[in-house]
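Please look over the sequence and the structure shown below before reading on. The report then takes up a few places in the chain, one after another.

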Amino acid sequence: MSEPQVRPDPAFALLEVYEAALPEVYGYLLSRCGNRAVAEELTSETFLGAVTACRRAGAPPVSTPWLIGVARHKLVDHWRRREREERGLRLVREAETVDPWDSELDALLAREVLAELGAHHRAALTLRYLDGLGVPEVAHLLGRTVHATEALLVRARAAFRAAYLEKEGRDD
């Protein structure tokens with residue numbers, strides 16, 4: 001009966017390059033994000049991710065350039081995560097912002113102005129404010145991204161406000 005052979009953990013290859021690669025990876029990240037705490041966190045994530053990656057079958061040999069590539073992916077993930085968080089905060093702020101002008105609308109005049117807007121503005125405003133749909137749902141129905149829909153709604157509100165004020169004969 002033969003004894004099972006023990007294979008060394010492929011992650012040990014990281015130990016061989018760790019000391020040389022650490023300042024390179026950290027420097028790469030710091031130069032791109034400009035924040036020491038974020039660079040430290042991403043460096044940590046890079047090496048943890050590298051441990052997992054190098055244990056997979058067919059993983060490339062561990063090297064500093066390979067680790068820089070892993071760091072690049074971690075940095076992009078960080079930027080995406082941050083953008084999602086900021087977008088969510090913007091949406092919350094927009095939802096919490098009360099525009100006193102909204103309460104002063106004359107319903108008949110508002111419908112008349114809405115009917116005169118371009119189809120894309122009218123559709124966006126109707127779905128969002130008359131139907132009460134959220135921006136993601138409006139985006140889906142209009143076949144746009146959420147970001148593009150947010151921008152469309154900003155332009156549509158501005159066009160509506162300008163036309164409404166013009167019809168009302170005020171210059172607010």
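## A buried histidine

His-121 counts as buried because its relative accessibility is 13%, where buried means under 20% relative accessible area, exposed over 50%, and partly exposed in between, with a 1.4 Å probe and protein chains only. This residue lies in helix H5, which covers residues 119–130; helices here are DSSP runs of H or I with at least four residues, strands are runs of E with at least two, and both are numbered from the N terminus. Leaving aside neighbours within four places in sequence, His-121 is in contact with Leu-152, Arg-155, Ala-156 and Ala-159, contact meaning heavy atoms within 4.5 Å.

## The model and its chain

This is a predicted model, in which local features need pLDDT of at least 70 and side-chain atom pairs count only at pLDDT 80 or more, while totals for chains, interfaces and linings use all residues. Residues are numbered from 1 along each chain as its sequence is written, and side-chain values use heavy atoms, with hydrogens and water left out.

The chain has 7 helices and 0 strands, and buried residues make up 27% of its 172 residues. Among the contacts in the chain with a separation of 6 or more, 60% are between residues 24 or more positions apart. The accessible surface of the chain comes to about 11,800 Å², of which 55% belongs to carbon and sulfur atoms; such areas come from the Shrake-Rupley method with a 1.4 Å probe, and for residues only the protein chains shown count as cover.

## A threonine in helix H2

Thr-46 has its place in helix H2, residues 36–54, and it counts as buried because its relative accessibility is 0%. Not counting residues up to four places away in sequence, Thr-46 touches Val-25, Leu-29, Leu-67, Val-70, Ala-71 and Lys-74. For one of these, Leu-67, which is 21 residues from Thr-46 along the chain, the C-alpha atoms of the two residues are separated by 7.2 Å.

## Where H6 meets H7

Helix H6 (residues 135–142) and helix H7 (residues 146–168) pack at an angle of about 100°, with their axes 9 Å apart; axes are lines fitted to C-alpha atoms, for helices over the stretch in contact, and angles run from 0 to 180 degrees between N-to-C directions. H6 and H7 are therefore roughly perpendicular to each other, since angles of 65 to 115 degrees count as roughly perpendicular, under 35 as roughly parallel, over 145 as roughly antiparallel and the rest as oblique.
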